[in-house]
Amino acid sequence: MEHLPIPLPLVSLLVAVFSIGQICFCNGGWSSNFVRDDYLSLDMPFDSDVFQVPKGYNAPQQVHITQGDHVGKGVIISWITTEEPGSSSVTYWPEEQESNKLQAHGYFLTYNFFNYTSGYIHHCTLQDLEFDTKYYYVVGIGNTTRQFWFRTPPPLGPDVPYTFGLIGDLGQTYNSNTTLRHYELSPRKGYAILYVGDLSYADDYPFHDNTRWDTWGRFTERVAAYQPWIWTAGNHEIDFAPELGESRAFKVYTSRYHVPYKASGSTSPLWYSIKRASAYVIVMSSYSAFGKYTPQYKWLEKELPKVNRTETPWLIVLMHSPIYSSYVTHYMEGEPIRVIYEKWFVEYKVDVVFAGHVHAYERSERVSNIAYDIVNGMCKPINDESAPVYITVGDGGNLEGLATEMTEPQPRYSAFREASFGHGILDIKNRTHAYFSWNRNQDGYAVEADSVWLHNRYWTPSSQSEAASHHAAFR
């Protein structure tokens with residue numbers, strides 16, 4: 001991939017905000033009146049090809065990868081075997097260097113949940129990889145090995161282009177499959193997925209049916225084995241069920257999905273950070289203690305000042321529960337975390353905050369609500385060019401369906417909202433500009449229902465804000 005910055009004069013000529021589809025003007029931005037059919041919001045049957053168990057005795061399954069260090073030179077490879085542990089080692093080599101095979105050794109674990117016993121869950125970390133290099137890797141032993149590949153990110157740098165996919169609340173319905181298929185076929189090819197929480201929805205089934213974790217792992221393998229998913233925990237990962245004798249929160253999620261949290265000085269896999277290309281990604285936990293003096297608070301308090309915007313100019317925060325949402329479903333649930341952390345997002349000029357939880361799409365203006373001090377009456381969001389854009393992408397397609405009821409009139413902080421399933425793409429061009437687009441499932445692969453040019457908060461003067469333009473082009 002070439003790392004060529006977009007000429008700034010050309011970028012400045014581009015229209016700042018695009019919205020495509022049927023839209024109506026409200027007190028705030030625009031609410032799409034596109035109405036999708038609900039018939040696809042059904043779980044795929046167990047015999048679907050996307051849930052197929054790999055052939056062969058003890059064949060590795062549910063293979064997935066994530067970043068394995070802080071800077072992008074490591075990869076954590078995870079998989080499950082069912083009949084016996086087998087090997088926890090990974091054989092790997094750079095493209096065109098098959099004669100130079102390397103081996104890394106991992107470990108396995110198991111867990112019990114109510115009446116379910118997991119398979120053997122393997123985790124192996126590859127370290128000291130070369131940047132911007134395609135690697136092949138093999139898991140399994142004997143006659144049941146399986147081969148996959150991944151590409152490491154380019155070296156860190158302020159003008160390094162990089163493209164992320166954005167998916168949340170995916171589940172395992174027909175519409176979940178469409179979301180993943182749309183992402184696979186997108187002309188704007190993502191190299192990694194920022195996943196904003198709620199994975200399998202196993203806790204929606206009787207007794208938190210953990211076989212649904214297995215089907216979800218096999219369903220997502222077709223993408224997750226080839227490019228890293230940067231994980232965020234949602235409410236459906238809590239799995240707190242004392243009535244079933246299960247009182248350890250996040251046990252299933254943290255057993256199956258490992259992240260490099262220690263590399264960023266975190267004490268928990270539920271909050272951590274990574275650097276990748278020109279982005280600094282901070283993952284927060286909406287469902288862990290986050291008040292003052294808690295471990296998450298103390299970690300983030302030290303983490304934000306560490307971000308070097310001359311190295312990684314794009315500061316991105318992931319969380320599950322949105323702190324700006326105008327849907328009735330889950331309305332104001334993110335308010336406690338907003339009250340505590342929004343002032344930091346503004347102070348450190350976070351570029352964008354991605355969230356899920358609400359099963360719909362919404363994009364905000366750059367606003368903040370941090371002036372209120374009980375007596376001054378300043379309790380409404382105001383335009384703030386140092387504030388992030390807040391984007392909700394909890395629209396992956398799960399069985400709970402869409403959040404269709406919106407607050408009216410549309411608040412002024414809401415730039416665009418639509419109750420439909422889909423996925424997002426964040427295409428970072430250089431240190432100053434990135435292009436975000438959202439594709440609804442009903443559209444063709446190349447059609448965007450909403451898009452916006454994001455101007456970096458650190459490198460772009462506040463007068464050059466994408467949020468300042470309300471002249472939307474639409475058809």
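Biologist: Where is the kink in H6 centred?

Modeller: Bear in mind that this is a predicted model. The kink in H6 is centred on Tyr341 and comes to about 50°.

Biologist: How do H5 and H6 pack, and at what angle?

Modeller: Angles under 35 degrees count as roughly parallel. Helix H5 (residues 295-303) and helix H6 (residues 335-347) pack at about 10°, with axes 12 Å apart, so H5 and H6 are roughly parallel to each other.

Biologist: Which residues in H5 and H6 meet?

Modeller: Here's the general idea: an α-helix has 3.6 residues a turn, so residues three or four places apart point the same way. On the H5 side you'll find Gln296, Tyr297, Leu300 and Glu301, which meet Ile340, Tyr341 and Trp344 of H6. The residues of that contact split into 5 nonpolar, 1 polar and 1 charged.

Biologist: What covers the buried residues of H6?

Modeller: The buried residues of H6 include Ile337, Arg338 and Phe345. H5 is part of their cover, and so are strands E19 (314-318), E20 (352-355), E22 (367-368) and E24 (389-393).

Biologist: Which peptide bond is cis?

Modeller: The one from Glu408 to Pro409, with omega near -5°. Pro409 lies in the loop between E24 and strand E25 (414-418).

Methods
Residues numbered from 1 in each chain as written. Predicted model: local features only at pLDDT ≥ 70, side-chain atom pairs only at ≥ 80, totals over all residues. Heavy atoms only, no water. Axes fitted to C-alpha atoms, helices over the stretch in contact; angles between N-to-C directions. Helix = DSSP H or I, 4+ residues; strand = E, 2+ residues; numbered from the N terminus. Parallel < 35°, antiparallel > 145°, perpendicular 65-115°, else oblique. Contact = heavy atoms within 4.5 Å. Nonpolar A, V, L, I, M, F, W, Y, C, P; charged D, E, K, R; others polar. Bend = angle between axes of the 7 residues up to and from the residue. Buried < 20%, exposed > 50% of the residue type's maximum accessible area, 1.4 Å probe, protein only.
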